Structures are given as C-alpha cells and as structure tokens.
Amino acid sequence: MTVSPVGRVSPVVLYEAALGGVPVVALDGGTARPLDVRTWAAPATASDDVLLARCEAPVLDVGCGPGRLAAELARRGVPCLGIDVSRDAVRRARERGAVALRRAVEAALPGEGRWGTVLLADGNIGIGGDPGALLTRCRDLVRPDGSVLVETDPDPEVHDLSPVVLRAADGRLSRPMPWARLGAHALRDVAASAGLTEVEEWTAGGRSVVVLRRARVPR
C-alpha cells in the first residue's frame, strides 16, 4: 500500500529527532537503514584519520552534521567550515568546537573558489539526489589546485538515485528526500561530466574514499 505524502514532515525534522536519540531509519526501496547518528556524534575514528590526513586547508565540510570531522580538524589546527541545513546539527557542531553555518551547499558560501578541500563524507555525495550537479558545485568551490574528497558506497558499482523516506520509531514519515548512492566506479563517470578526475582511491575500515581534482584542459 502506498502512503500519501500528505501529513508527512520535513526530513530535517526526523533527522533532528534522530540526533536527539529517537530511532530513525531511511527507507530506500525495500531496504531500511538506521541513521548512523551514534557514529556521527562520536569522536573521530582511525578510518576518519586516514580521510582527514588528505584534507588540504582550508576545508569545507558539506553536510557536517553534529561536527565529528569539522571539530576534529579544528582540534588539529586545520581551518575548516562545516555547513548543514539542520539548525540542531549546526548547534551541536559548534558546541564541539567546530566553526559551522546553517547553509545549503547550493546557497552562497564564504570563500567560493578558494577552498583547498571540499569534503563529502558519510555518504554526502547523495545530497540533493543529483551527484553531477553536486560535484559541479564542489568543483566551483575549490581553488584550481584543490580537491574534492568523496566517501562512496562500499559497493563500487552502485548508482542509485532513488529518493529516501525517513521513518521514526513513533511512526512519523518524512516527505521523500532526493538522495543518491554512488560507488567508486560509478563516481568516475559522474565526476568526469563535472570536470573532475580521480587522482586517488583507497579503502580503510570498510570505507571507500575517492579524491577528485579539476581535470586539466589540453592546450
């Protein structure tokens, strides 16, 4: 049975409920995946360290959530700005010592064209449901020699643009949220269309990360 979107809440409402401890799952087709808020709220891990070591300052952490990575970069003395659409997530990030703004990546941002690294961790390549448009935006945000670090789906072949619906333990459902899941192999073609090329790829702790830089234009 299909449930009408009428009466559903904003995905941000249920995301913030999850940050507050309410069990929330993401429904993607027939799969229900718990939101991994425990990891997002925890200190940076050893697999995060590998990712953070590749960050060239200054860093823009897109979809920073409660600030796990942005706060750790700040602790290391690496200039970093986290952005997130959730007011609660930004508040939590600031409480952890991160510099954070409540801002969507599509909106006007400080330092456009001058960031050393744009970070898309924890599956945030899915933001907006259009990876090509997101990577094009990221290309425009970094300086000419900057990089875009993308954590991809563990399955390298995945290229899923299905919207996601959030469901809370109390039965509340969100409106469909544009989202995407992209594996490393699928990312290459999408990145190329956005004027980016892969320069490095690695796995650590079961996570896959790809480093992208602006493609060189032949003279």
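In which hand does α6 pass α7? The crossing of α6 with α7 is right-handed, a crossing being left-handed if the near helix is turned anticlockwise from the far one by less than a right angle, and right-handed if clockwise. The structure is a predicted model, in which local features need pLDDT of at least 70 and side-chain atom pairs count only at pLDDT 80 or more, while totals for chains, interfaces and linings use all residues. Residues are numbered from 1 along each chain as its sequence is written, and side-chain values use heavy atoms, with hydrogens and water left out.

Helices (H or I, at least four residues) and strands (E, at least two) are DSSP runs, numbered from the N terminus. Helix α6 comprises residues 131-141 and helix α7 residues 184-193; their axes come within 9 Å and cross at roughly 60°. Axes are lines fitted to C-alpha atoms, for helices over the stretch in contact, and angles run from 0 to 180 degrees between N-to-C directions. The two helices, α6 and α7, are therefore oblique to each other; angles under 35 degrees count as roughly parallel, over 145 as roughly antiparallel, 65 to 115 as roughly perpendicular and the rest as oblique. Pro131, Gly132 and Leu135 of α6 make the contact with Leu187, Val190 and Ala191 of α7, where contact means heavy atoms within 4.5 Å.

An open sheet contains seven strands in the order β5-β4-β3-β6-β7-β12-β11, with mixed pairing; two strands pair if DSSP finds at least two bridges between them. At the edges are β5 (100-102) and β11 (196-204), each of which pairs on one side only. From one strand to the next, the twist averages 20°. Strand β12 (residues 207-214) pairs with β11 in the antiparallel sense over eight bridges, and Val209 in β12 is the bridge partner of Trp202. Helix α5 (residues 87-95) lies across β4 (80-84) and β5, and runs at about 165° to β5.

In helix α1 (residues 11-19), the buried residues (under 20% relative accessible area, with exposed over 50% and partly exposed in between, for a 1.4 Å probe and protein chains only) are Pro11, Leu14, Tyr15, Ala17, Ala18 and Leu19. Their cover includes β1 (24-28), α2 (37-41), β4, α5 and β9 (165-168). Gly21, with a positive phi near 110°, follows α1.

Leu35 is placed in the loop between β2 (31-34) and α2. Leaving aside neighbours within four places in sequence, Leu35 is in contact with Ala18, Val24, Val25, Ala26, Trp40 and Leu166. The C-alpha atoms of Leu35 and Leu166 are separated by 8.9 Å, although these residues are 131 residues apart along the chain.
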